[in-house]
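Here is a short report for a reader new to this structure. Look over the sequence and the model, then read on.

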Amino acid sequence: MILAQTAARNVGIVIFAIVIVGFLVYLFFNLLEGRKEGGSEIELAANRKPYFDDDILETRKLDQSLLSGLFLLGVIGIALPLYWLGEPGRHEGLVDNTLELWTERGAEAYEENCSACHGGGGAGGIASFAITEQGTGEFVASVDWVAPSLTSVLTRFTEEEVTYTLNFGRNGVMPAWGAPGGGPLTAQQLEIIIVYLRSVQKDADAVQAAVEDGLVEGARLEWVARDPELSAELRDAHFAVARANQTGISSLIEDAQSELGAVQAKIGETFPNDEMRAWLDEISDPDHEEYLTYGRLLFTNRADAGAYGCARCHTNGWSYDGANDLDIAGNPLNEVDGEPGYVQGGGWFGPNITGGAEVAQFPNVDNHIDFIRKGSEDGVRYGVSGQGGGQMPGFSNRLDEDVFVVNEETGEKEAVNWPPSLTEEQIAAVVEYARSI
Ligand code: HEC
Ligand code: HEC
């Protein structure tokens, strides 16, 4: 379309040039004619000069006038449709340019305001956060809170829901950015950041690859947990890093981190990727006795800073890896029955879904699955007694009628269809797990 636009512009330039040249030629001959004047004023005054006789006026002169009229008509007849033909191109060029400009400016605004926590290009990252005692406000620990990757956020939330999160921040960990929440950015700045986010969304294959990488990581830790010696070794290494972090002495931190890295490398060799993938393949079968473990690994998936998992919202402490971190008194931040760990699904930002709560909320499993596919909608009721706040993400694909992409094969404009975060099989597995806890 930009091509059409330049073609129309070229035609315009050529016509303009013809008109200018024509005018100059006319001027030239006119002046030449003027210069020929001379002699007695009475004889040559323009209004007294005998004009052409009727013979010439009615033939040659008439033909000349008609012809030049016809020529002008022809020029207009060609130029006007050409101009109108170029109009959509110009309009589209404007839209394209605006989108391009917004994406560019959004990228700048993103890098300036968001990348410190969410990583370059929305890849996901970490926010430093101080945990304090509820009520007293006493300092408990400084933690690394995962800031989810934003490269698939537009499939799980509508742009309106993302705008809400940007306006008001999230749980005090992410500050408010929009004016309604007292933040520093204008509505338009938020809008261009979202336009930028459209440009960094992953395609379906990349999302699935990330989900599967997260599952492999989770599977490995599952196998470590089944080996008491190895899991004690890993936990000690994590705690050593936590203690070193609290000293703030960089040489100590580096040493502890390299020790942790060594343990992790050993674990990687003990439980290699291909074995983990093969095991995941087996347990993803609904008839396998460890099918619920597969569901739990989906629930706790840490890939892309937790973007595809549930635990970051439904499990207290999961976002800052509290079972592997210590408070200033040296105790694990998250414990279950005196052991470092989590109450999966015990509730945090999202409600507590344990103790059969979900079977009561969704007596029909299909409704439960449908809720996970679509997520909640602000002000819309769900299940038996649920009241949606628009904050529970949808894990299936999301068709957005307001955002268009050009189909590369047909060249047609289509509503964008953001790829699913989880496959239908994965959604069924995570629901099965959620109903079991
Ligand atoms: C101080 C660190 C920090 C900054 C800066 C920050 N965020 Fe966040 N953001 C977070 C954290 C942490 C979360 C997750 C909060 C939670 O776990 O409840 C989050 C959550 C989000 C979410 C919800 C995503 C989801 O899948 O649940 C969106 C969207 C988001 N941020 C966008 C942005 C944008 C856009 C900017 C820049 C204008 C930004 N954030 C700046 C830390 C930050
Ligand atoms: C970004 C945070 C977030 C993530 C991630 C998330 N949830 Fe939620 N979830 C919520 C919130 C918040 C609600 C409450 C409804 C609302 O506010 O819209 C909720 C509600 C629910 C409910 C209904 C609970 C009830 O009884 O009212 C279920 C079930 C649920 N989530 C399951 C899941 C599962 C399974 C996953 C992972 C596939 C998941 N959630 C991921 C935030 C989240």
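A cavity is a set of grid points where a 1.4 Å probe fits but cannot get out. A search of the whole structure, which is a predicted model, finds 1 cavity of 30 Å³ or more.

**The cavity**

The volume of the largest cavity is about 30 Å³. Which residues line the largest cavity? They are Thr151, Ser152, Thr155, Gln201, Lys202, Val207, Trp418 and Pro419. By class, this lining has 3 nonpolar, 4 polar and 1 charged residues.

**The largest pocket**

The largest pocket is another matter. About 1,600 Å³ of space lies in it. Its lining is made of 46 residues. Nearest the centre of the pocket lie Leu221, His238, Arg302, Asp321 and Asn324.

Which elements each supply at least two residues of this lining? Two strands are on the list: S1 (125-132) and S2. The helices are H8 (204-225), H9 (228-247), H10 (250-270) and H12 (291-299). By class, the lining of the largest pocket divides into 22 nonpolar, 15 polar and 9 charged residues.

**Ligand 1**

How many residues surround ligand 1? The shell holds 25 residues. The closest are Cys114, Cys117, His118, Asn171 and Met174.

In histidine 118, a polar side-chain atom lies 2.7 Å from a nitrogen atom of ligand 1. Tryptophan 145 has a polar side-chain atom 3.0 Å from an oxygen atom of ligand 1. For arginine 170, a polar side-chain atom also lies 3.0 Å from an oxygen atom of the ligand. Helix H4 (115-118), strand S2 (139-147) and helix H6 (159-168) are the elements that give two or more residues to the shell around ligand 1. Sorted by class, that shell has 18 nonpolar, 5 polar and 2 charged residues.

Two of the closest residues are cysteines, Cys114 and Cys117. Are they buried or exposed? Cysteine 114 is buried because its relative accessible area is 12%, under the 20% cut-off. Cysteine 117 has a relative accessible area of 30%, so it counts as partly exposed. A disulfide is a covalent bond between the sulfur atoms of two cysteines. How many disulfides does a search of the whole structure find? The count is 0.

**Ligand 2**

Ligand 2 is surrounded by 26 residues. Cys310, Cys313, His314, Ser376 and Met392 are the closest.

Histidine 314 has a side-chain N or O atom 2.8 Å from a nitrogen atom of ligand 2. In glutamine 361, a side-chain N or O atom is 3.0 Å from an oxygen atom of ligand 2. Glycine 389 takes part through its backbone: an N or O atom there lies 2.7 Å from an oxygen atom of the ligand. Helix H14 (311-314), helix H15 (357-361) and helix H16 (365-374) are the elements that give two or more residues to this shell. By class, the shell around ligand 2 has 13 nonpolar, 10 polar and 3 charged residues.

The table gathers the atom pairs for both ligands.

| Residue | Ligand and atom | Distance |
|---|---|---|
| Histidine 118 | Ligand 1, nitrogen | 2.7 Å |
| Tryptophan 145 | Ligand 1, oxygen | 3.0 Å |
| Arginine 170 | Ligand 1, oxygen | 3.0 Å |
| Histidine 314 | Ligand 2, nitrogen | 2.8 Å |
| Glutamine 361 | Ligand 2, oxygen | 3.0 Å |
| Glycine 389 | Ligand 2, oxygen | 2.7 Å |

**Tryptophan 84**

Where is tryptophan 84? Its place is in helix H3, residues 54-113. Tryptophan 84 has 55% relative accessibility, so it counts as exposed. Along the chain, tryptophan 84 and phenylalanine 29 are 55 residues apart. Their C-alpha atoms are separated by 35 Å.

Helix H13 covers residues 303-306. What is the phi of aspartate 304? It is positive, about 50 degrees, although the residue is not a glycine. Alanine 305, also a residue other than glycine, has a positive phi near 55 degrees.

Are these residues buried or exposed? Aspartate 304 counts as buried because its relative accessibility is 18%. Alanine 305 has a relative accessible area of 15%, so alanine 305 is buried.

Notes. Residues are numbered from 1 along each chain as its sequence is written. Chains are lettered from A and ligands numbered from 1 in the order in which they are written. This is a predicted model: local features need pLDDT of at least 70, side-chain atom pairs count only at pLDDT 80 or more; totals for chains, interfaces and linings use all residues. Side-chain values use heavy atoms; hydrogens and water are left out. A residue is near a molecule or strand if one of its heavy atoms lies within 4 Å of it. A polar contact is a pair of N or O atoms within 3.5 Å; within protein, one must be able to donate a hydrogen and the other to accept it, and residues adjacent in sequence count only if both atoms are side-chain atoms. Helices (H or I, at least four residues) and strands (E, at least two) are DSSP runs, numbered from the N terminus. Ala, Val, Leu, Ile, Met, Phe, Trp, Tyr, Cys and Pro count as nonpolar, Asp, Glu, Lys and Arg as charged, and the others, Gly among them, as polar. A disulfide is a pair of cysteine sulfur atoms within 2.5 Å. Buried means under 20% relative accessible area, exposed over 50%, partly exposed in between (1.4 Å probe, protein chains only). On a 1 Å grid over the protein atoms alone, a cavity is a set of points where a 1.4 Å probe fits but cannot get out, and a pocket is an open set with protein on both sides within 12 Å along at least five of seven lines; lining residues have an atom within 4 Å of a point. Grid points are joined across faces, edges and corners, and a volume is the space filled by probe spheres set on the points.
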